[in-house]
Amino acid sequence: MGKRNKWRKSMVLALALAGGLLFNTVQPTVVHAEETSQQMIDKKTKIDAEVKKLQEELTNLQKEIDEKVKVFNQVQADIKEVDANIVDTKKRIEQRSTILSDRMAAYQAQDSTVGVYLNAVLEAKSLADLMDRVVAVKTLMDADQELVDQQEADKANLEKQKATLDEKQQELQKQFQELQQKESEMEVKKAENEAKSLALKAQIATKQEEERLEAERKKAEEEAARLRALQAATPVVQATNNNNNSDNNVSNNNANNGKSSQKIVIGSGSGAASSGDAISTAKQFLGRSYVWGGSNPSTGFDCSGLVQWSYKQAGVSLPRTASQQYLATQRISASEARVGDLVFFSYGSGVAHVGIYLGNNTMIDAQNKGVVVESLDWWNQYLVGFGRIQ
């Protein structure tokens, strides 16, 4: 019995020691796991806040753009109103001109205005008739003078309306350029923030998710790098003036306001069949008002929206914005440009405008005055280059 009790005590002691050892080895692991879990929760909370901050940056930038769009749309409405007023004023002036011309012809046929009125008075048959004739003559004379006064007032008003229209159009052009610049900035910011967001999310992802997020992050960073590089895009003329070196043939020419400019020598070869189809589609919308962010007939068009839609109808897929379309096309020199190539412009920071080249130094594009066919003469000051669709 003694040996058995001693054996039992030994077993109890051994189990106690084993239990203590088990407790000492497992318990810290549990505590460590809890600490890691809490750290991961804290880390995720912090990363979620940083991702939200990146999203808020884009939201705030979009709000700025939206406010500019509202102002742009209001100026467009103001221009339409001024245009309508000018049409009405011109119509009144033309109508009065006809009346005054007829009156003048009648007066000249009677030798003088006074002679017409004097004869009317002298032909009176009675005192009452005389008084009636005097009143009638006075009314006619006042009416003639009122017509002349109204005509002069409308002519002066027309000049003011034209001056207002010119100011509004200049303001619209400025806002048009600022909006396009903002879109270029927004593209870069979107790509940059997307890359940052993916990098943050990868920190708390599973191994499989981390690999996917890493691949997406690299792609976003490459896109951001390409778009950032475009921010340094300088108009050809500016670059030529600054560096006296360009791949395009240029010749000195005096521009308006006494400023010196360059004339770009541009090719005019025939384009592909799809280019002809795209151009035909674009021309269907000539005169359509410019709509910021518009990319189809139901919404209207902005510059890149018109290009994208027109080529889509010809079976060619293009990205949405001017910067992306620039990156998606092959660079060609101005002298190699042919019908259907895309022509790109910058106001100093990034590719901001695009049109479809029509040959003979013209293009079709959607600009602040709407969808138009226009000369490149004025646009040459902002020309970045030409792109050929592959």
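Which residue stands opposite Ile364 in β9? Select Val373: that is the residue facing Ile364.

Before moving on, some housekeeping. This is a predicted model, with local features requiring pLDDT of at least 70 and side-chain atom pairs pLDDT 80 or more, while totals for chains, interfaces and linings use all residues. Numbering starts from 1 along each chain as its sequence is written, and side-chain values use heavy atoms, leaving out hydrogens and water.

**Stop 1: the sheet.** Select 362-367 to get β8, which is joined to antiparallel β9 by 6 bridges. (Strands are DSSP runs of E, at least two residues, and helices are runs of H or I, at least four, numbered from the N terminus; two strands pair if DSSP finds at least two bridges between them.) Now widen the view: the open sheet has 6 strands in the order β5-β10-β6-β7-β8-β9, paired antiparallel. At its edges are β5 (330-332) and β9 (370-375), each with a single partner strand, so one side of each has no neighbour in the sheet. On average, neighbouring strands are turned by 35 degrees against each other, direction ignored (axes are lines fitted to C-alpha atoms, for helices over the stretch in contact; angles run from 0 to 180 degrees between N-to-C directions).

**Stop 2: the helix on the sheet.** Select 303-313, helix α7, which packs on the sheet and touches β6, β7, β8 and β9. Contact here means heavy atoms within 4.5 Å. The direction of α7 makes about 45 degrees with that of β7. Because 8 of its 11 residues are buried, α7 is largely enclosed by the rest of the structure; among the buried ones are Cys303, Leu306 and Gln308. (Buried is under 20% relative accessible area, exposed over 50%, partly exposed in between, with a 1.4 Å probe and protein chains only.) After α7 comes Gly315, with a positive phi near 85 degrees.

**Stop 3: Tyr357.** Jump to strand β7 and pick Tyr357. With 0% relative accessibility, Tyr357 counts as buried. Its side chain reaches the backbone nitrogen of Asn361 at 3.3 Å.

**Stop 4: Tyr311 and the core.** Back on α7, Tyr311 is buried and touches residues including Ser274, Val316, Leu342 and Ile389. Tyr311 is also among the residues with the most contacts inside the largest nonpolar core, which has 60 residues. (Such a core is a set of buried Ala, Val, Leu, Ile, Met, Phe, Trp, Tyr and Cys residues joined through side-chain atoms within 4.5 Å.)

How values were computed: A polar contact is a pair of N or O atoms within 3.5 Å; within protein, one must be able to donate a hydrogen and the other to accept it, and residues adjacent in sequence count only if both atoms are side-chain atoms. Lists of a residue's contacts leave out its neighbours within four places in sequence.
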